[in-house]
Amino acid sequence: MKPHDSAHLHVTGQSEFVDDRPASQNEVFVTVVFSRIAKGRIKKLDVSPVKTDPDFIAFYTAADLHSNRWGTIFQDQPVLAEGTVEFAGEPIALLVTRDRRSGERLRKKIILQIEPLPAIRSVREAIAARSFIGSAREIKRNFDENVFAQAPECIAGHLVIEGADHFYLESQAALAYPIEDGQIEIHSSSQHPTEVQHVVAHALGLPDSAVTTVVKRMGGGFGGKESQAAPIATFAALAAHKLNRPARLILTKDDDMIMTGKRNPFEIDYRVAFDREGRILGLDAKLHSDGGAYADLSTSIMERAMLHSDNAYFIPHMRVQGQVCRTNYHPHTAFRGFGGPKGVAMIERIIEEIAHRLGIDALDIRRKNLYSDQGGRNVTHYGQVVENNQLSICLERAAEASNYERRRQEIQASNQRAIENGENTLRGLSMTLVKFGISFTTRFLNQGNAFVICHRDGTFQVSTGATEMGQGVNARIAQLLAEEFSLPRDQFRMMPTRTDKNANTSPTAASSGTDLNGAAALLAARKLKYRLSEFASKLLELPESRYPSNTAGLGTEAEILISAAPNYTDPNEKPESFGVVFEKGMVYLKRDPQKQIHFASLVNQAYLSRISLSDYAHYRIPGIEFNKLTGQGRAFLYFTQGAAVSEVRIDRLTGEAKVERVDVWMDLGRPIHEGLDLGQVSGAFVQGMGWVTTEKLFYSKDGLLLSHSPSTYKIPNIQDTPRTFNLNLVPNDENYANVRGTKAVGEPPLLLALSVWTAIQDALKQLPRYRDHYPRISIPATQERILRTVDPDAFKQIEGSAFNEFVV
Amino acid sequence: MKSRNTTTFFLNGEKTAVTGADNSLMLADYLRERRGLVGTKIVCAEGDCGACTVLVTKKSRDGKKSSAFQSINSCIARVPQLDGLSVVTVEGLSQEQHSQCSVQKAVYEAHGSQCGFCTPGFIMALSELVDRRKQSGHSNLSEKEIKNALTGNLCRCTGYDAIIRGASSINPSQAEDLEKRYCSKQIERELQGVRKTPLVIETEHFSLAAPTRASEVTTWLKKGYRPLSGGTDFGVQVNKFKTDDTKVLSLHLVEKADVITVSSNRVSIGVRVTFAELRRAIEKRFPEFASYLDIFASPQIKNTASVVGNIANGSPIGDSIPALMACDAIVVIQSGAKKRKLELSKLYLGYRKLALKRGEWISGIEFQIPDKKTTVQFLKSSQRKDLDISAVNGALWIERGAGGKISKARLAVGGVGATVLRIAAVEEKLQGAKLSADLRASVVEALQKSITPLSDVRGTSAFRRVIVGNWLNETLKKIEFEARGVRS
């Protein structure tokens with residue numbers, strides 16, 4: 001199947017990103033002036049030292065905005081800080097200059113004085129100060145304290161999960177053009193063009209109809225451009241609007257990392273009750289997340305963490321509580337997995353701990369607790385039935401293909417030797433699973449729309465609300481349509497996402513881009529196909545001499561009339577075809593395959609018969625009923641599932657970890673495009689590996705991010721990839737819920753990288769000191785954390801009372 | 001001597017002259033903003049992600065069967081640093097607008113690009129490898145060399161798997177001939193002419209001088225020009241607005257600055273010798289050092305950064321410094337035509353403070369190669385194994401004398417103080433001693449007393465202590481056991 005629809009442009013350097021757009025005459029550059037301390041009162045902001053510089057053009061603060069509040073869920077965040085700052089990196093003012101270098105140069109000369117105020121710098125501090133965002137949430141099923149009191153075994157624990165930067169290669173970017181009559185057109189690197197449009201309009205006091213957002217493509221998003229692209233675009237738009245000149249804003253990687261929010265850090269307390277066979281009886285979990293200074297999407301992220309605290313396992317008595325904390329860090333935001341990875345990290349850690357306590361292999365503990373169609377063990381703690389359960393298949397395939405049992409024995413023997421002989425290498429092996437719920441848990445977001453235009457030569461332009469960030473949503477949608485019409489995929493050109501074509505769209509997020517927009521595009525295409533079918537069924541009855549192309553100009557023939565296309569709502573419903581077949585670029589009547597017409601000719605004949613060649617459709621996912629207040633209901637349309645087995649090698653002297661081999665088995669239903677799907681699997685897995693191993697955010701005492709570039713923030717590089725990396729799909733033709741039986745893939749494989757983290761702990765637990773308790777290691781399991789876990793005494797000796805097993 | 005005021009290089013085969021203030025731009029900015037060649041991307045502006053990778057001709061060919069090109073980070077290379085070279089960008093690879101070269105085709109077909117932002121950089125870094133293997137007559141690429149060639153390129157989308165697969169499908173012997181197009185004899189002749197004339201650029205906000213004679217360097221230094229060899233760190237400082245230096249003294253035209261001499265037990269290198277060149281020169285004679293060079297910095301940086309520059313930059317965590325100190329390195333300090341020599345371990349007076357007088361510069365460095373009785377061990381510890389700034393680094397030189405005793409010991413450690421340190425307390429204990437568990441313990445203790453590591457973004461103080469202590473202990477243990485093995 002043909003690669004990504006932009007691949008030929010990517011490899012030749014011809015793909016256009018926001019900053020690749022040529023400079024316009026009169027264009028200005030916007031540089032953001034931001035706080036470098038976590039919390040304080042703005043005492044002085046003096047721009048006079050730069051006002052006389054020939055490169056200086058303008059300077060804007062909150063006072064220049066029509067409205068200074070935005071926020072996706074709660075409108076609690078100023079576009080530009082006023083009076084006080086709440087995080088290091090918070091935008092305070094905009095410096096507009098002739099070009100980007102002068103912006104950086106002059107920014108240093110602006111006098112900004114902020115009087116520090118006491119800041120909240122951790123989840124712990126927030127809990128103590130009762131500094132929260134939103135209210136506490138609870139989801140439970142049959143929760144009963146007696147289960148814990150009477151259980152044969154109980155473990156209580158604490159898990160620290162730190163944040164991570166998206167590290168999309170293209171930093172946040174926006175280019176705003178003023179257009180006649182007070183309009184603004186913004187080219188934004190955004191996963192959510194509609195939100196950009198609305199935030200800009202609101203901030204500038206314009207009607208939504210005066211603002212158009214255009215997203216051609218992003219150089220990566222991963223959730224970081226879901227909500228947080230909006231203020232960036234607003235900055236550019238403000239300058240463009242005020243000056244009536246095009247305004248460009250391209251954050252440097254450093255500024256981007258300092259200013260924008262990350263994956264929410266979590267602190268989790270858990271209590272698990274289980275029997276001597278390792279069957280989980282009850283779980284009580286309390287999740288606290290660090291939301292940063294403003295709400296952003298943190299409450300939704302918390303909800304998804306709570307909904308994934310069961311992962312692949314049936315837990316009869318369960319309570320999970322969640323509370324987002326307000327701290328003085330950048331507002332944390334969506335990041336591939338959206339809370340899911342945190343809930344799953346907890347339960348996978350618990351499985352490993354149970355195994356260690358009972359001396360049973362963790363794989364067997366997983367088998368025993370898996371959701372199953374037997375014995376009523378197929379309902380989640382939020383009351384959704386796990387349909388089309390592929391977990392056991394994924395687990396067994398992964399175990400078999402990875403030779404789990406044999407390698408377990410080998411590794412055990414090798415570790416035994418290493419311990420006895422004082423060798424430095426320890427090996428670990430672990431499998432984790434994923435059951436990722438697909439749908440936005442906020443019901444109204446589960447809608448999409450699409451606009452399909454067919455031109456008279458039979459080529460198409462397709463516009464949807466989906467944004468392309470590399471994941472291949474455009475290629476998948478084009479592929480769906482190509483299959484529908486039986487035409488080559490490159491006959492379908494996916495157009496830039498524009499809010500003047502597709503309005504009121506949802507963000508391209510929650511792995512749902514293809515599900516929502518592909519379904520909408522297919523519904524639109526089917527309307528057109530219906531009309532073309534009816535038209536063809538009549539046209540093909542005529543001799544060619546009576547075709548519109550020979551008669552329409554003179555008007556010698558009566559027009560072919562057709563009925564109105566029905567309004568399809570189910571993309572999997574096969575429409576009435578009038579006995580017309582579309583096959584390999586040709587169209588014919590089933591009963592007369594000899595008489596064929598080229599698709600392009602048919603389209604032209606249809607035009608001449610005044611038949612519309614364009615269609616719009618809207619799609620809403622049916623059947624999602626999740627009540628956020630009770631925490632019960634069908635939260636998801638379906639689950640994407642999978643399993644991964646990872647083997648790691650750690651060096652006891654340095655704490656270095658190396659991923660030796662990974663076997664992934666994913667259920668992606670019937671993929672539209674297997675090549676793209678596997679790319680998502682490997683990319684998400686390696687991204688997840690970074691989160692659980694080398695990616696460490698390091699803040700100064702003032703709460704300023706110090707690891708704000710790749711020289712200090714270490715995403716995996718090519719040498720970090722697993723030495724052996726086997727990616728496999730489990731065939732599954734039975735996902736009837738989704739368009740064409742496919743399954744969303746963007747986020748779920750990221751969670752499988754937790755197997756690297758559990759494998760590291762599996763290696764560490766071989767050490768004699770961990771015979772009786774599990775070597776709990778935080779996320780990320782950095783080299784230093786591993787070394788500390790290997791030899792805590794050495795560190796205690798040096799650090800004395802400052803030694804803390806969780807925090808580095 | 002007559003000088004030029006125009007930087008001259010070939011850009012995708014087209015002779016390019018840059019005058020005036022544009023010379024202060026980084027090549028990546030120049031390409032994107034002045035030439036509309038936006039295929040070259042800028043992400044980190046510090047040479048750590050490879051998105052800006054372009055190919056440039058090497059100053060001199062290393063052997064007949066090598067590539068004429070090497071990859072560099074264009075985001076930290078100022079335009080005058082391209083002076084006298086031929087530059088190829090991603091736009092220059094394919095023969096025409098809608099075609100793809102074999103590298104592009106391979107990455108395309110393997111789904112090696114997702115968002116596409118890093119892709120041009122990967123294509124360029126891979127093209128360098130392919131050209132190298134083509135010139136040496138190979139028809140395939142191993143996974144190891146693919147990974148090594150792409151260590152300096154970050155991708156956040158693919159997980160690299162598809163890129164590796166795509167690269168593995170390339171047959172270098174059938175790849176397009178870059179040399180024919182972009183380093184023809186005629187181009188090379190023209191460029192040689194360019195390189196013979198000094199370059200002096202003076203604009204309102206930026207001045208650059210590039211003399212051709214080493215003896216002229218001091219003149220410019222005395223005028224307040226800052227010397228630049230590879231300039232990889234300077235480029236970062238400029239991009240991040242951490243330096244106000246607007247007068248630059250580029251050594252790229254200095255005669256004989258690229259010379260490497262390898263004798264039976266010593267290596268001597270000129271000021272412009274890059275890490276890549278050093279590695280090639282010592283690969284056979286000093287493989288331990290060569291493989292140490294493999295894990296630090298990216299290919300792009302090693303193709304640009306000079307060893308002397310790393311030394312002169314004087315970072316307490318500079319990766320070559322402890323290694324060279326352990327190898328008894330001597331720096332050659334020049335002023336006008338006069339030269340003096342100084343032990344590398346005496347060069348550092350404090351944090352990034354060098355024992356150089358006004359008008360003096362480091363024109364070369366010499367160091368020792370171990371013989372059969374000598375063991376040299378290197379340490380580089382960082383958050384990520386490859387291409388990461390070290391938390392700590394170090395090197396230990398041990399010569400074995402008669403009776404299993406150590407006749408000579410040198411230990412240098414970085415990342416544990418304001419400068420890289422020679423640890424005299426350890427060296428004294430080892431000198432003349434016989435290795436044993438007790439000695440090891442007391443040596444490690446002496447080391448711990450000699451160092452004062454900080455806690456920072458790369459690790460805590462305790463972490464640095466534990467790592468360096470473990471390493472020293474383990475290294476001595478290995479030497480001890482090997483020696484015993486030899487005897488028994």
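1. Domain bounds here come from an automatic or database domain assignment. The model is predicted. In chain A, that assignment gives domain 1 (24-117 + 188-248), domain 2 (266-440 + 628-802) and domain 3 (447-620). Domains 2 and 3 of chain A have their C-alpha centres 43 Å apart.

2. How many residues of domain 2 of chain A are in contact with domain 3 of chain A? On the domain 2 side there are 18, and they meet 18 residues of domain 3. The domain 2 side of this contact holds 11 nonpolar, five polar and two charged residues.

3. Next, a sheet in chain A. Four strands form an open sheet in the order β19-β18-β17-β24, with mixed pairing. Strands β19 (492-494) and β24 (614-620) of chain A are the edge strands. Each has a single partner, so one side of each has no neighbour in the sheet. On average, neighbouring strands of this sheet are turned by 20 degrees against each other, direction ignored.

4. Strands of a sheet pair through backbone hydrogen bonds, either parallel or antiparallel. Strand β17 (residues 447-454) of chain A and β24(A) run antiparallel, joined by seven bridges. For a point of reference, look at G448(A): Y619(A) in β24(A) stands opposite.

5. Which helix lies across β17, β18 and β24 of chain A? Helix α15 (residues 513-539) of chain A does, and its angle to β17(A) is about 40 degrees.

6. Two packed helices are described by the angle between their axes and the distance between the axes. For helix α14 (residues 473-485) of chain A and α15(A), the axes come within 9 Å and cross at roughly 30 degrees. Angles under 35 degrees count as roughly parallel, so α14(A) is roughly parallel to α15(A). Their crossing is right-handed.

7. Which residues make this helix contact? From α14(A) come V473(A), R476(A), I477(A), L480(A), L481(A), E484(A) and F485(A). From α15(A) come G513(A), T514(A), N517(A), G518(A), A521(A), L522(A), A525(A) and K529(A). The residues of the α14(A)-α15(A) contact divide into eight nonpolar, four polar and three charged.

8. Last, the chain contact. Chain A has 68 residues in contact with 60 residues of chain B. Elements of chain A that give two or more residues to its side include α1 (7-12), α3 (100-107) and α8 (253-259). Also among them are α21 (783-790) and α22 (792-799) of chain A. Helix α18 (674-692) of chain A is another, and α18(A) gives the most, with eight residues. The side of chain A that touches chain B has 25 nonpolar, 29 polar and 14 charged residues.

Terms used: Residues numbered from 1 in each chain as written. Chains lettered and ligands numbered in written order. Predicted model: local features only at pLDDT ≥ 70, side-chain atom pairs only at ≥ 80, totals over all residues. Contact = placed C-beta atoms within 7 Å. Nonpolar A, V, L, I, M, F, W, Y, C, P; charged D, E, K, R; others polar. Pairing = 2+ DSSP bridges. Axes fitted to C-alpha atoms, helices over the stretch in contact; angles between N-to-C directions. Parallel < 35°, antiparallel > 145°, perpendicular 65-115°, else oblique. Left-handed = near helix turned anticlockwise from the far one by under 90°.
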